[in-house]
Amino acid sequence: MSSTTRFILHRGTIDYLSYDNIPMIFSQHPGVLVSLLAVLLAILLLIYFEFAFLLMSVYFIKKKEAISLKQLLQLTILQLRKVRPLTFLFFLAYFLLILPFSGLGFNSDLLSKIKVPAFILDFIFANRWIVVSSFFLVYLILAYIGIRLIFALPEMILRDRPFKEAVKESWILTRLRFFAILGQFVIIGGSILLISTMGYFSVIMAQTAIEHFYPDYSLISAVFAMTLLQGILLFNIVMSTVGIFYIIVDFMDDEGFLPDIPGWFIPQTGKTHFSALKNIGLILFSIFFGIGVCLYNMNYLTSASQTKPLTISHRGVSGKNGAQNTLGALEKTSKSYHPDYVEMDIQETKDGQFVVMHDLNLHNLTRVNKAPQELNLKDLENLMVTENGIKEPVVSFDAYLKKANELDQKLLIEIKTSKRDSADLVDRFVEKYQKTILEHGHILQSLTYQTVEDLKKANPNFYVGYILPFNVVGPPVTSADFLSMEYSTINRNFIDSAHQDGKKVYVWTINDSEAMSRMMFYGVDGIITDEMRILNESIRQTDEEITYSDKLLNFVLGVG
């Protein structure tokens with residue numbers, strides 16, 4: 001599906017898919033829009049197919065009725081005939097909103113990228129209690145709706161109920177059993193998590209012991225251990241997914257409205273017998289599959305190694321040692337932790353100058369409820385930034401750049417844009433700052449795709465990055481030299497694809513050693529952090545040879 005989406009964008013000469021070009025696709029590319037909607041429809045139908053297949057599998061198990069795979073597939077395909085335009089909207093809300101965000105355990109690779117990015121969660125929990133409580137309230141409402149509607153699709157599939165009637169019956173059925181159903185989810189989900197965690201822990205600890213006492217056998221045991229971990233991972237995915245269907249079918253059976261097996265269903269007669277040829281084929285398939293898994297695991301364990309990424313201080317702060325994007329924080333962080341780069345943000349002012357400021361509204365840091373573009377630079381420099389118990393004046397980009405050059409500190413300059421910016425913003429920026437940027441080795445990035453392209457066009461010698469808030473369809477087509485990626489949706493495939501395109505990958509914003517280690521294991525080229533001390537320590541540990549047990553732990557944490 002990702003490849004199909006990239007093909008559609010390529011045919012429409014659209015280089016990327018992000019929040020800022022969706023309106024343009026709607027207004028100017030009807031063919032691309034229709035094609036993308038068709039992909040979305042195909043995804044929803046496939047998810048519905050998965051849902052129906054697993055539900056009927058558990059249904060026949062509950063009825064203790066043997067059914068062949070061929071019959072099960074035929075029955076599932078028949079369910080697609082029940083899809084109507086009204087049910088399509090229900091699928092869209094149920095599968096893309098309610099299930100992923102309510103915490104209900106229907107796992108599907110097609111839903112794997114639907115998650116709340118870490119930077120949004122960080123923003124929520126960094127704000128006032130009313131924002132945090134509102135988030136939890138929405139989460140609880142979605143979980144409540146998810147459980148109250150949990151029987152709608154089973155009613156449509158198993159009892160052939162019309163859409164509206166199925167939704168109504170599910171709402172009535174769960175009215176008095178809400179907490180009972182919720183309790184079953186907690187118990188089953190908790191049990192599966194506990195068993196899986198104990199399995200992971202036991203395998204990795206056994207591998208650690210073998211590496212210590214029998215180092216000559218560590219690679220062989222690591223290959224075997226990784227195979228066991230893959231088995232545990234498969235168990236976790238299967239059982240957590242099947243758990244939701246077990247609860248549904250068991251509840252329907254207890255309440256006496258689990259339907260009988262349809263009369264048109266032809267049961268299996270007698271036991272299935274495999275011919276000698278089929279047995280040989282099955283054995284050969286198992287052998288080749290096992291060899292393939294072992295070869296993959298051995299390649300993973302022998303080739304995977306941690307990289308040493310560039311260290312980048314987020315907004316010039318480390319460990320709350322100052323107020324973001326101020327001269328005081330820049331000097332403290334540069335002298336104490338020596339980052340390769342200090343990431344900072346600039347915006348245009350009302351009089352066409354540039355100020356160092358991240359937020360699009362000044363209120364959170366200065367208590368002035370205005371955008372930087374509404375004030376002249378001198379007015380902005382009279383304001384005070386208050387953060388981490390420290391007060392510092394708002395600083396111009398000229399002063400910040402001068403101080404960085406005096407400290408011999410390279411900068412990662414993020415150009416933030418808004419609708420209030422002047423049309424020639426990039427041209428004026430390049431004309432004024434290109435000489436000192438290139439002389440001192442500073443680099444640039446932006447969340448705005450066009451700004452990235454304009455910077456590279458204005459001066460190809462600039463080293464420029466494009467910021468991505470999430471990974472949807474893989475690396476975009478861009479002239480950028482690197483991609484700056486929010487880390488929670490990134491994976492090794494994305495990094496490998498970007499490297500094949502000749503792009504470096506920086507990740508933001510990582511503040512714990514576990515995630516830093518995993519990103520280095522994936523092969524990222526730079527890490528942006530609020531905790532330079534932790535990052536420096538994590539990188540120092542890469543001087544030590546990474547063990548097979550470390551690689552296995554990274555495999556589990558990052559799901560390969």
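This report walks through a predicted model of one protein, from the overall layout down to a few single residues.

## Ground rules

In this predicted model, local features need pLDDT of at least 70 and side-chain atom pairs count only at pLDDT 80 or more, while totals for chains, interfaces and linings use all residues. Residues are numbered from 1 along each chain as its sequence is written, and side-chain values use heavy atoms, with hydrogens and water left out.

## The big picture

Let's start with the whole chain. The protein has 22 helices and eleven strands; these are DSSP runs, numbered from the N terminus, with helices being H or I of at least four residues and strands being E of at least two. Of its 560 residues, 45% count as buried. Buried means under 20% relative accessible area, exposed means over 50%, and partly exposed is in between (1.4 Å probe, protein chains only).

Contacts tell us about the fold too, where a contact means heavy atoms within 4.5 Å. Among contacts with a separation of 6 or more, 66% are between residues 24 or more positions apart.

Strand E2 covers residues 341-348, and eight of its eight residues are buried. Which residues point which way? Tyr 341, Glu 343, Asp 345 and Gln 347 point one way, and Val 342, Met 344, Ile 346 and Glu 348 point the other way.

With E1 (310-314), E2 pairs in the parallel sense over three bridges, and His 314 stands opposite Glu 343. With E6 (residues 411-415), the pairing is also parallel, over five bridges, and Asp 345 faces Glu 414 there. E3 (residues 354-356) pairs with E2 in the antiparallel sense over three bridges, with Gln 347 and Val 355 as bridge partners. E2 and E3 form a hairpin with five residues between them, and in its turn Gly 352 has a positive phi of about 80°.

How do you get from E1 to E2?

The buried residues of H13 are Gly 328, Ala 329, Leu 330, Thr 333 and Ser 334. Their cover includes E1, E2, E5 (390-393), H16 (397-406), E6 and H21 (532-540). Just after H13, His 338 takes a positive phi of about 50°.

## One side of helix H4

Over in helix H4 (residues 69-79), the residues Gln 71, Leu 72, Leu 75, Thr 76 and Gln 79 are buried. They span an arc of only 135° around the axis, so they sit on the same side of H4; the arc is that of the directions from the helix axis to the C-beta atoms. The buried residues of H4 pack against helix H3 (30-62) and helix H8 (152-158).

Thr 76 has 0% relative accessibility, so it counts as buried. Not counting residues up to four places away in sequence, Thr 76 touches Phe 49, Ala 52, Phe 53 and Met 56.

## Two nonpolar cores

A nonpolar core is a set of buried Ala, Val, Leu, Ile, Met, Phe, Trp, Tyr and Cys residues joined through side-chain atoms within 4.5 Å. In the largest one, with 67 residues, Phe 397 and Phe 429 touch the most other members. Helix H11 (residues 218-254) gives this core its largest share, seven residues. Apart from that core lies another of 37 residues, among them Phe 60, Leu 149, Phe 151 and Phe 185.

## Two buried residues to look up

Pro 309 is in the loop between helix H12 (276-303) and strand E1, and Pro 309 is buried at 5% relative accessible area.

Leaving aside neighbours within four places in sequence, Ser 549 is in contact with Ile 204, Gln 207, Thr 208 and Glu 211.

How values were computed. Two strands pair if DSSP finds at least two bridges between them.
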